[in-house]
Amino acid sequence: KLPDLFTDDAQIYPPLRRAPVVGKQAIIEFFANTIGKIAPKPKAVSIVGDGDECFMELSIPMDVDGEQRYVLTTIDHFTLAPDGRFSRMIVYLRPY
């Protein structure tokens, strides 16, 4: 499960919310009630990491001039805990 990748006290900073999502239960609810409702089908375009920091660039299929194309949508910034799970995630959304 995706929430298992996060520490019990992890924080997610979504782009469209002012308050961070804090803690395992809140993260489970966030993925079920927010991400689950929009059901994106992202593809990782690039992943770059160094030490306890990692960045992932994501794209989703969209209609562009009448054709399905993958369009860059977000960059996710992860901080890793000593056990390798995510302790923090910041989502940067591409403006349209």
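Guide: What follows is a series of questions about labels, each answered by setting a value against its definition.

Guide: The model is predicted, so local features need pLDDT of at least 70 and side-chain atom pairs count only at pLDDT 80 or more, whereas totals for chains, interfaces and linings use all residues. Residues are numbered from 1 along each chain as its sequence is written, and side-chain values use heavy atoms, with hydrogens and water left out.

Visitor: Why is the pair of Phe6 and Phe31 called tilted?

Guide: A search of the whole structure finds four aromatic pairs. In this one the ring centres of Phe6 and Phe31 are 6.1 Å apart and the planes stand at 45 degrees, so the pair is tilted. The definition pairs rings of Phe, Tyr and Trp (its six-membered ring) if their centres lie within 6.5 Å, and it calls planes under 30 degrees apart stacked, over 60 edge-to-face and the rest tilted.

Visitor: What makes this pair a tie between parts that are apart in sequence?

Guide: Phe6 lies in strand S1 (residues 6-13) and Phe31 in helix H1 (residues 24-38), so the pair ties together parts that are 25 residues apart in sequence. Both kinds of element are DSSP runs numbered from the N terminus, helices being H or I with at least four residues and strands E with at least two.

Visitor: Are Phe6 and Phe31 buried or exposed, and how do you know?

Guide: Phe6 has 1% relative accessibility and counts as buried, and Phe31, at 16%, counts as buried too. Buried means under 20% relative accessible area, exposed means over 50%, and partly exposed lies in between, with a 1.4 Å probe and protein chains only.

Visitor: Which kind of aromatic pair do Phe78 and Phe86 form?

Guide: Their rings are stacked, with 4.2 Å from centre to centre and 25 degrees between the planes. Phe78 is buried at a relative accessible area of 5%, and Phe86 counts as buried at 17%. Phe6, Phe30, Phe31, Phe78 and Phe86 form one aromatic cluster.

Visitor: How do you know that Lys24 and Asp8 form a salt bridge?

Guide: Their closest N and O atoms are 3.7 Å apart, and a salt bridge is a side-chain nitrogen of Lys or Arg within 4 Å of a carboxyl oxygen of Asp or Glu. The pair links distant parts of the chain, Lys24 being in helix H1 and Asp8 in strand S1, 16 residues apart. Lys24 is buried, with a relative accessible area of 18%, whereas Asp8 is exposed, with 56%.

Visitor: How many salt bridges does the structure hold?

Guide: It holds three. Among them, Glu67 pairs with Arg69, the closest N and O atoms being 2.9 Å apart, and the side chains of Asp83 and Arg85 meet at 2.8 Å, N to O.

Visitor: What makes the approach of His77 to Glu53 a polar contact?

Guide: The side chains of His77 and Glu53 are joined at 2.4 Å. A polar contact is a pair of N or O atoms within 3.5 Å; within protein, one must be able to donate a hydrogen and the other to accept it, and residues adjacent in sequence count only if both atoms are side-chain atoms. His77 lies in strand S5 (residues 67-80) and is buried, with a relative accessible area of 10%.
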